[in-house]
Amino acid sequence: MFNIGMMELVLILLVAFLVVGPKDLPKVARWIARQIKNLRKLVREVKKETGWDDLAAEFKDTGDEIRGTLKEADIRTELQQAAQSVEQEIKSVQDEVDAATQQIKTETKSIQSDLEGGN
């Protein structure tokens, strides 16, 4: 709750020991513990009366729903798949063009050799 480390706790106890004294230190510690307990009880009651816990739970649920909706609406995977499909189609067309070019070259060489042989 307070994020107090071991060194801070030792320092607080040392100061309390010097200020209050060893005789009254247990009484002061019990009083502080009771006050903290009462404060926690008061906070719980305020949360209950104001509906803060319900509101916090509702916000959490809404946040989860929004995250789910955003995840469903994420089109990156669909775009990646479409890009891969387009790349495959382009490669297929390029292979067909290369094959046609090679065939034209072969036919051109054949025609050229026929023309040279016919002369």
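**A first look at this predicted model**

Residues are numbered from 1 along each chain as its sequence is written, and side-chain values use heavy atoms, with hydrogens and water left out.

**Confidence**

- The chain averages a pLDDT (the predictor's confidence in each residue, from 0 to 100) of 86, and 97% of the residues score at least 70.
- Among the elements of the chain, helix H4 (residues 76–118) has the highest mean pLDDT, at 90, while H1 has the lowest, at 82.

- H1 has 15 residues, and at 1.5 Å a residue they should span 21 Å; its end C-alpha atoms are 21 Å apart, so the two agree. The expected span of a helix is 1.5 Å times one less than its number of residues.
- Just after H1 comes glycine 21, with a positive phi of about 100 degrees.
- H2 has 26 residues and reaches 37 Å from its first C-alpha to its last, close to the expected 38 Å.
- Glycine 51 follows H2, and its phi is positive too, near 75 degrees.
- Back to valine 15: with a relative accessible area of 44%, it is partly exposed. On this scale buried means under 20% relative accessible area, exposed over 50%, and partly exposed in between (1.4 Å probe, protein chains only).
- Valine 15 and alanine 56 are 41 residues apart along the chain, and their C-alpha atoms are separated by 39 Å.

**The largest pocket**

- The largest pocket holds about 310 Å³ of space.
- Its lining has 11 residues, and the closest to the pocket's centre are Leu9, Ile12, Leu13, Ile32 and Ile36.
- How is a pocket found? On a 1 Å grid over the protein atoms alone, a cavity is a set of points where a 1.4 Å probe fits but cannot get out, and a pocket is an open set with protein on both sides within 12 Å along at least five of seven lines; lining residues have an atom within 4 Å of a point. Grid points are joined across faces, edges and corners, and a volume is the space filled by probe spheres set on the points.
- Helix H1 (6–20) and helix H2 (25–50) each supply at least two residues of the lining, and H2 gives the most, with 5 residues.
- The lining divides into 11 nonpolar residues, no polar and no charged. Ala, Val, Leu, Ile, Met, Phe, Trp, Tyr, Cys and Pro count as nonpolar, Asp, Glu, Lys and Arg as charged, and the others, Gly among them, as polar.

**Salt bridges**

- The structure holds 4 salt bridges, each a side-chain nitrogen of Lys or Arg within 4 Å of a carboxyl oxygen of Asp or Glu.
- Aspartate 64 pairs with lysine 60, their closest N and O atoms being 3.4 Å apart. Both lie in helix H3 (residues 52–73), 4 residues apart, about one turn of the helix.
- Aspartate 64 counts as partly exposed at 35% relative accessibility, and lysine 60 as exposed at 52%.
- Lys60, Asp64 and Arg67 are linked in a network of salt bridges.
- Aspartate 74 bridges to arginine 76, with the closest N and O atoms 2.9 Å apart. Arginine 76 is exposed at 57%, and aspartate 74 partly exposed at 28%.
- Lysine 91 and aspartate 95 meet in another salt bridge (3.7 Å, N to O). They are 4 residues apart in helix H4, so about one helical turn separates them.

How values were computed
Predicted model: local features only at pLDDT ≥ 70, side-chain atom pairs only at ≥ 80, totals over all residues.
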